[in-house]
Each structure stands twice: as C-alpha cells, then as structure tokens.
Amino acid sequence: MLQPIGIALDKRAAGLKVNLDAAKAHMQETEKILADYQAKLHASRHQAQTIIHDAMTDAQKVRDEKLKGIQVEGREKLDGLQTELDAGRKTLVESLIHPELELVRNILDKLLGETPALVTNEERVLQVLENTR
Amino acid sequence: MFLFAEVGHENIVAALLDFRSNLLNWILLIGLLIWAIKKYLPSFIAQRQQSINNELELAIKTRKEAELALAGQKEKIEKAEQEAEQIVLEAKQAAARMSEDLKQQTETDIAELRKKFEMAAHNEKQAAILEMRSIVAKAAIKLTEENLRSNLTENNKTKIAHEFMGELSKIGSSSMNDESVNSRNDHDHQKVANA
C-alpha cells in the first residue's frame, strides 16, 4: 500500500527538479540576454548622443569662426572708414575755405546791403574750421 | 487456562485487566487500526496525489512559460541589432538636421551682422556730414561776426536795427493772427458745444 506513495514522491521530486533546473537555466539565460540587450541599447544611445554632440560641436565651431570673421571684417571696415573720414576731413576743410569765405561775404551782403571788404583771410578761415566743433 | 491454573484468584483479575496479556485486546486494536487506515488513508493519499500532480503541472507550465519568455527575449535580441542601427541612423539624421538649421541660422546672423556694419558705416558717414555742416555753419557765423565788427558803421547799425524791428513786427503780427484764429476756433467749438 505504501509503495505507490514512494513512487509518486520520487516521481514528484524528479519532475520538480527537472523543471526547476530548466526554469533556472532559462531564467539565467533570459537575464543574460536581457542584460546584453540593455547594454547594446545603452551603447547605441550613447553612440547616438555622441554623434549629435559631435555634429553640434562642429557646427557651432564653424558658426563661431564665421561670425568672428565677419565681426573682424566689419570692425576693420569701420576703422578703415574712420581713417578715411579723418583723412578726407582735412581735404574737405581745405576745399571749404573759399566757399566759406563766399558764404560769409553773402551773409554780410544781406545784412549790410553792400559787399564789404573782408578782414578774414584764408588762413583764419582754415583755423576757425579746424577748431570749431 | 494453564496460565490461570498457575496463578491465584487475584492474579486472574490482574491478568484479565492487564492489556499486554490480553490477545483479544491486541486483535481489537489492530483491527481498529486497519479499519481506520483503510477508511482515511486512501482519501488522504488521493488528495496528496492530486496536490503533487498539480504541483507538477504548475512546474511544467512554469517551465513552458520560461521557454516562451526565453524565445521572446532571443527574438528581441535579434531585433536589438536593427533597433540599435535605427537609433544610430535617427541620431545621424537629427545631427544633420540640427547642423543644417545651425548653418542656416549662421547665414541669417551673418547677413544681419553685415547689415548692421553697413548701417553703422552709413551712420558714421552721415554723422561726419552733419558734423561738417554744423562746423561750416558755426564757422560762418563766427567769421561773419568778426567781419561785422570791423564793417559796422552808424548807417549799417540803423539799417540792421530797422530790419530787425521789421522782422519782429512781422513775427508779432503773425503770432497775433494765429492767436485770433485759435480764439475764433475756440469760440466756434463753444458754440457747437452749446448747441
């Protein structure tokens, strides 16, 4: 009467052991595969971030260089213009001496009703033009 | 019977009461035990067998599920290659798009910067022209003043004074006309308001 019990118990133990071992093996393999999968995805994401970062760094570098070049170029142009204006100013002032004398003569003519003899010479006009701001 | 012959009356009673020496009692006990075992043990064994079978089925089921999960994970890992390639591909596309956007933004900024510098140069020129005009005007006034001092006579003074007064009266009359026009307008407004 007790023999079937022993057989059933042995059968049960053997079956449980087989299934438990198989499940453990599958679980370990699954965990390993999952870890590989996560590592691969992590590596891919890291690679993606690196690609974007590198591209943006390069683009930003090019942008900075271009903008810096334009600023330097613009600053040089403005400085050149300032130098040109300073140089032109002297020539312009010299060229304005006679028109200035004519203007003074016209104003005096209108004020006095006659063309007066000017006491101002060209040198004085140049001096006044250069000193007036 | 021989046993009873050997002992006395008190010993017979004691022997009858002694369980160990009573064969009938032993037979009854064993029969009772067999009856109880036959009655309760089969159902107990059947329950245990059922329980064991259930556990075995559960273990088999768990194993199958583990196998399925493993197969799923294996399939997933095969797709992971494609997924990883897709991620990298999308990153490359995004990087190219962002670089292009930044490039276009740079071109726009460069154009604006050039425009600003051109505007600054234009303003610089305009400022120089205005400054020169102002200098010419101020110099003309100063030189006129110097020449006027030396050319001013009594006749000139009178003429200039008359002209000055004439200008003042012109200015005064024009301002009075403006005031009368304003007061007339105010009056009209008042009329309209009253109406």
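I count two residues as in contact if their C-beta atoms, placed from the backbone, lie within 7 Å.

I note that this is a predicted model, in which local features need pLDDT of at least 70 and side-chain atom pairs count only at pLDDT 80 or more, while totals for chains, interfaces and linings use all residues. Residues are numbered from 1 along each chain as its sequence is written, and chains are lettered from A and ligands numbered from 1 in the order in which they are written.

**Confidence**

I looked up the averages next: chain B has a mean pLDDT of 81, with 80% of its residues at 70 or more, and chain A averages 87, with 98% of the residues scoring at least 70. Among the elements of chain B, helix H1 (residues 2–6) has the lowest mean, 46, and helix H3 (residues 23–151) has the highest, 89. In chain A the lowest mean is 88, in H1(A), and the highest is 90, in H3(A). For the complex I wrote down an ipTM of 0.71 and a pTM of 0.58, both given by the predictor.

**Elements and burial**

I take helices (H or I, at least four residues) and strands (E, at least two) as DSSP runs, numbered from the N terminus. On that basis I find three helices and zero strands in chain A, and four helices and zero strands in chain B. Read from the N terminus on, the elements run α-α-α in chain A and α-α-α-α in chain B.

For burial, I call a residue buried if 20 or more other C-beta atoms lie within 10 Å of its own, exposed if 12 or fewer, and partly exposed in between, with C-beta atoms placed from the backbone. Buried residues are 9% of the 133 residues in chain A and 5% of the 195 residues in chain B.

**The A–B interface**

I then turned to the interface, where 58 residues of chain A are in contact with 57 residues of chain B. On the side of chain A that touches chain B, helix H1 (3–95), helix H2 (97–112) and helix H3 (122–131) of chain A each supply at least two residues, and H1(A) gives the most, with 41 residues. By class, this side of chain A has 36 nonpolar, 13 polar and nine charged residues; Ala, Val, Leu, Ile, Met, Phe, Trp, Tyr, Cys and Pro count as nonpolar, Asp, Glu, Lys and Arg as charged, and the others, Gly among them, as polar.

**Helix pairs across the interface**

Angles under 35 degrees count as roughly parallel, over 145 as roughly antiparallel, 65 to 115 as roughly perpendicular and the rest as oblique. A crossing is left-handed if the near helix is turned anticlockwise from the far one by less than a right angle, and right-handed if clockwise.

H3(A) and H3(B) pack at an angle of about 130°, with their axes 9 Å apart, which makes H3(A) oblique to H3(B). H3(A) passes H3(B) in a right-handed crossing. I see A:Val125, A:Val128 and A:Leu129 in H3(A) meeting B:Ile135, B:Ala139, B:Lys142 and B:Leu143 in H3(B), a contact with six nonpolar residues, no polar ones and one charged.

H2(A) and H3(B) pack at an angle of about 50°, with their axes 9 Å apart, and the two helices are therefore oblique to each other. In this contact I find residues of H2(A) including A:Leu103, A:Ile107 and A:Leu111, and residues of H3(B) including B:Val136, B:Ala140 and B:Leu148. By class, the contact of H2(A) with H3(B) has eleven nonpolar, three polar and one charged residues. H2(A) passes H3(B) in a right-handed crossing.

**Two single residues**

I picked out B:Leu102, which lies in helix H3 of chain B, and which is partly exposed, with 17 other C-beta atoms within 10 Å. Leaving aside its neighbours within four places in sequence, B:Leu102 is in contact with A:Ala59, A:Gln60 and A:Arg63.

I also looked up A:Lys66 in helix H1 of chain A; A:Lys66 is partly exposed, with 16 other C-beta atoms within 10 Å. With its neighbours within four places in sequence left aside, A:Lys66 is in contact with B:Thr106 and B:Ile110.

Methods. pLDDT is the predictor's confidence in each residue, from 0 to 100. Axes are lines fitted to C-alpha atoms, for helices over the stretch in contact, and angles run from 0 to 180 degrees between N-to-C directions.
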